[in-house]
Amino acid sequence: MKLLPIILVSVLGLTVLTEIGLRLTKGLGNPPLYVADNNIGYLLTPNQKMRRFGNRIEVNQYSIRDGEVEKEKKPGIERVFLVGDSVVFGSWWTD
């Protein structure tokens, strides 16, 4: 009769340790958030910073995966405009 509670506590403890480990090492439990958009269906929520599967993900004020972007371009700064899906950016959740 004492074996069943020991097994249940062990399974519960292992589950909790696995959950904590995945949150700390893989960034699970903190997913990127999306908002509905009438034109494209969904859009990353602006101003997010997180780690996911070991990769640092930063979403700026324009829902683009990059650091903050100023409206006015500073002298000597070049900007490149890429059109496409995640392949253009270098695959899915990469640094």
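The model is a predicted one, in which local features need pLDDT of at least 70 and side-chain atom pairs count only at pLDDT 80 or more, whereas totals for chains, interfaces and linings use all residues. Residues are numbered from 1 along each chain as its sequence is written, and side-chain values use heavy atoms, with hydrogens and water left out.

The side chain of Glu-19 meets that of Arg-23 in a salt bridge with an N to O distance of 2.7 Å, the criterion being a side-chain nitrogen of Lys or Arg within 4 Å of a carboxyl oxygen of Asp or Glu. Because Arg-23 and Glu-19 are four residues apart in helix H1, about one helical turn separates them; Arg-23, at 45% relative accessibility, is likewise assigned as partly exposed. Three salt bridges are found in a search of the whole structure. Among them is the contact between Lys-74 and Glu-70, whose closest N and O atoms are 3.6 Å apart, with Lys-74 partly exposed at 46% and Glu-70 partly exposed at 47%. The side chains of Glu-58 and Arg-56 also meet in a salt bridge, at 3.7 Å from N to O, and Arg-56 is partly exposed with a relative accessible area of 46%.

Helix H1 covers residues 3–26, where helices (H or I, at least four residues) and strands (E, at least two) are DSSP runs numbered from the N terminus. The 24 residues of H1 reach 33 Å from the first C-alpha to the last, close to the 34 Å expected at 1.5 Å a residue, the expected span being 1.5 Å times one less than the number of residues. Leu-12 lies in this helix and is classed as exposed because its relative accessibility is 58%. Together with Val-16, Ile-20 and Leu-24, Leu-12 makes a nonpolar surface patch of about 410 Å²; patches are made of residues with over 30% relative accessible area and no salt bridge, nonpolar side chains (Val, Leu, Ile, Met, Phe, Trp, Tyr) being joined within 5 Å and like charges within 9 Å.

Just after H1, Gly-27 takes a positive phi of about 80°. The C-alpha atoms of Pro-32 and Val-59 are separated by 9.1 Å, although the two residues are 27 residues apart along the chain.

Strand E1 (residues 34–37) pairs with strand E2 (residues 41–44) in the antiparallel sense over four bridges, pairing being assigned if DSSP finds at least two bridges between two strands. A hairpin of three residues joins E1 to E2, and Asp-37 stands opposite Gly-41 in E2. One aromatic pair is found in a search of the whole structure. Tyr-34 and Tyr-42 form this pair, which is edge-to-face, at 5.3 Å centre to centre and 75° between the planes; rings of Phe, Tyr and Trp (its six-membered ring) pair if their centres lie within 6.5 Å, with planes under 30 degrees apart counted as stacked, over 60 as edge-to-face and the rest as tilted. Tyr-34 is partly exposed at 36% relative accessibility, whereas Tyr-42 is exposed, with a relative accessible area of 53%.

Methods. Accessible areas come from the Shrake-Rupley method with a 1.4 Å probe; for residues, only the protein chains shown count as cover. Buried means under 20% relative accessible area, exposed over 50%, partly exposed in between (1.4 Å probe, protein chains only).
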